[in-house]
Amino acid sequence: MKIAVIAVGKLKEKYLKQGIDEYLKRLGSYAKVQIVEVVDEKAPENMSDAEVQNVKRKEGERILSNISQDTYVITLEINGKMLTSETFATKLDELATYGKSKIAFVIGGSVGISEDVQQRSDLALSFSKMTFPHQMMRMILLEQVYRAFRIMRGEPYHK
Ligand SMILES: C[S@@+](CC[C@H](N)C(=O)[O-])C[C@H]1O[C@@H](n2cnc3c(N)ncnc32)[C@H](O)[C@@H]1O
């Protein structure tokens with residue numbers, strides 16, 4: 001399985017980088033996982049709605065340019081569908097079984113994900129109704145993907 005995590009902006013925090021590297025290392029035995037960073041737009045606090053939409057649109061175009069037609073796209077969205085870790089594992093297993101071996105997870109930037117990207121999405125996945133920082137979301141996602149592989153293979157992992 002080939003997994004891409006497409007994320008807006010550069011990862012700056014050292015402590016997150018260490019955590020992400022750890023999960024990338026662990027995932028190495030299960031899948032080819034790649035992080036794709038797309039350039040973020042400047043997004044000051046006091047932007048108008050039109051400016052926010054413009055930032056989303058530009059970042060969205062960059063996200064979409066990294067997604068091939070045969071890729072199953074999972075966008076991370078606060079208002080998406082909430083799954084248990086077991087259901088998430090079953091979903092990844094089904095995708096592999098039905099020949100969808102390329103998966104892209106998309107994490108938005110500070111203004112979220114554009115409508116164009118939402119339309120391209122095959123599954124909008126929510127990790128809770130709370131808002132997490134986008135850089136931290138990368139690590140949380142990788143941990144859940146790692147957990148999913150352990151569940152799929154029936155391998156022990158602390159609860
Ligand atoms: C800081 S959040 C953006 C908040 C923005 N106001 C919005 O409504 O999307 C940055 C990105 O992290 C991801 N994210 C944050 N919290 C999430 C959650 N609870 N579930 C799924 N994704 C989340 C989403 O991809 C989001 O676009």
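In what order do the strands of the open sheet stand, and is their pairing parallel or antiparallel? Before I answer, two remarks are in order. This is a predicted model, in which local features need pLDDT of at least 70 and side-chain atom pairs count only at pLDDT 80 or more, while totals for chains, interfaces and linings use all residues. Residues are numbered from 1 along each chain as its sequence is written.

The open sheet has 5 strands in the order β2-β1-β4-β3-β5, and the pairing is parallel. Strands here are DSSP runs of E with at least two residues, helices are runs of H or I with at least four, and both are numbered from the N terminus. Two strands pair if DSSP finds at least two bridges between them. At the edges stand β2 (32-38) and β5 (123-126); each has a single partner strand, so one side of each is left without a neighbour in the sheet. On average, neighbouring strands are turned by 30° against each other, direction ignored. Between β3 and β5, which run parallel, there are 5 bridges; Lys81 has Leu125 in β5 as its bridge partner.

Let us turn to the helices. Helix α2 (residues 49-64) lies across β1 (2-8), β2 and β4 (102-107), and runs at about 150° to β2. Such angles run from 0 to 180 degrees between N-to-C directions, with axes fitted as lines to C-alpha atoms, for helices over the stretch in contact. Contact between two residues requires C-beta atoms, placed from the backbone, within 7 Å.

Among the buried residues of α5 are Arg138, Leu142 and Tyr146. Buried means 20 or more other C-beta atoms, placed from the backbone, within 10 Å of a residue's own; exposed means 12 or fewer, and partly exposed lies in between. The cover over the buried residues of α5 includes β1, α1 (14-27), β3, α3 (85-97) and β4. Just after α5, Gly154 takes a positive phi of about 70°.

In helix α4 (residues 115-120) we find Gln118. Gln118 is partly exposed, because 18 other C-beta atoms lie within 10 Å. Leaving aside neighbours within four places in sequence, Gln118 is in contact with Thr75, Ile113 and Ala124.
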